[in-house]
Amino acid sequence: MELLDILNYFVACYFGLMLGNFATSFYFRIPKNIPLLGFNYFTSTPPHCSYCNHLLKLKEFAPIIGYWLCKGRCNYCGAKIDANYFVIEVFALFLSLFCYFHFYFLDWYLIFILFGISSLIISMLFSKLQKIDMKFMLFILFLGIIYSTLINLTIYNWVFKASISSVIATFLMHARYKYHFSSKYYDICKILFTALIWFDLNSMIPYALFILANYALLRRYNFSFSKHVHNYSYFIMFLFSIINHLVVV
Ligand SMILES: [Zn+2]
């Protein structure tokens with residue numbers, strides 16, 4: 001390994017830690033509609049505990065080690081810190097190293113690290129709140145559009161899929177109104193429409209069959225395993241797409 005290569009791994013580590021740390025504030029703020037930019041003089045505060053509002057020292061909010069040093073609890077009020085913060089930060093670090101190893105710092109690095117982190121967060125929120133967060137979903141669609149354009153070197157691929165999806169969505173809206181479908185069916189449609197933008201048919205068919213079969217199992221037998229798989233559909237979409245990218249592209 002050359003010196004430059006070692007240096008790049010350090011940069012990848014640093015990017016992963018920073019992105020992971022940044023992503024935890026998205027995870028916390030977006031579902032609660034708290035503004036993301038701390039530039040507003042009146043609303044911005046330094047890092048603080050979200051329960052007791054006590055300001056935190058650098059070692060208490062530092063990525064990964066902060067959670068470990070505080071043993072998962074706030075040092076001032078003892079409130080339990082959501083373990084998902086820790087999971088997001090560790091995942092972002094390893095994903096950054098993995099992506100650098102395979103893609104160097106090319107476009108794929110940025111696309112897959114952002115897709116990985118946002119798919120993990122949308123899945124955690126789906127699991128916690130039982131609804132798909134629209135802002136994260138739009139972000140994943142946006143990344144899918146960039147990915148599809150880079151892969152196919154034309155925008156017609158995703159424009160075609162998006163127009164077919166919007167026609168189907170119109171029919172589904174009517175059907176939902178007429179037959180009083182539950183919002184759960186809508187969640188499945190959102191997941192499949194997002195996957196359609198990301199995937200070509202070779203990955204779309206197995207992914208859709210997997211998601212639908214799992215959902216049928218969940219409805220019929222209510223397995224807790226199927227429930228987790230259903231909640232983590234977006235994360236599984238990410239795994240499918242990165243494996244597909246490494247093997248096929
Ligand atoms: Zn506290």
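In this predicted model, helix α7 (residues 156-179) and helix α8 (residues 183-198) have axes that come within 10 Å and cross at roughly 170°. Angles over 145 degrees count as roughly antiparallel, so α7 is roughly antiparallel to α8. On the α7 side the contact is made by Trp 158, Lys 161, Ala 162, Ser 165, Leu 172 and Arg 176. On the α8 side Tyr 186, Cys 189, Phe 193, Leu 196 and Ile 197 take part. Sorted by class, the contact of α7 with α8 holds eight nonpolar residues, one polar residue and two charged residues.

The axes of α9 (residues 201-221) and α10 (residues 224-231) come within 9 Å, with a crossing angle of roughly 135°. That angle makes α9 oblique to α10. The crossing in which α9 passes α10 is left-handed. Here Asn 214, Tyr 215, Leu 217 and Leu 218 of α9 meet Ser 226, Lys 227, Val 229 and His 230 of α10. The residues of this contact divide into four nonpolar, three polar and one charged.

Helix α9 can also be described on its own. From its first C-alpha to its last, α9 reaches 30 Å over 21 residues, close to the 30 Å expected at 1.5 Å a residue. Of these 21 residues the number buried is one, so α9 lies largely in the open. A residue counts as buried here if 20 or more other C-beta atoms lie within 10 Å of its own. After α9 comes Asn 222, and its phi is positive, near 55°.

How values were computed:
Residues numbered from 1 in each chain as written. Predicted model: local features only at pLDDT ≥ 70, side-chain atom pairs only at ≥ 80, totals over all residues. Axes fitted to C-alpha atoms, helices over the stretch in contact; angles between N-to-C directions. Helix = DSSP H or I, 4+ residues; strand = E, 2+ residues; numbered from the N terminus. Parallel < 35°, antiparallel > 145°, perpendicular 65-115°, else oblique. Contact = placed C-beta atoms within 7 Å. Nonpolar A, V, L, I, M, F, W, Y, C, P; charged D, E, K, R; others polar. Left-handed = near helix turned anticlockwise from the far one by under 90°. Expected span 1.5 Å × (residues − 1). Buried ≥ 20, exposed ≤ 12 C-beta atoms within 10 Å, placed from the backbone.
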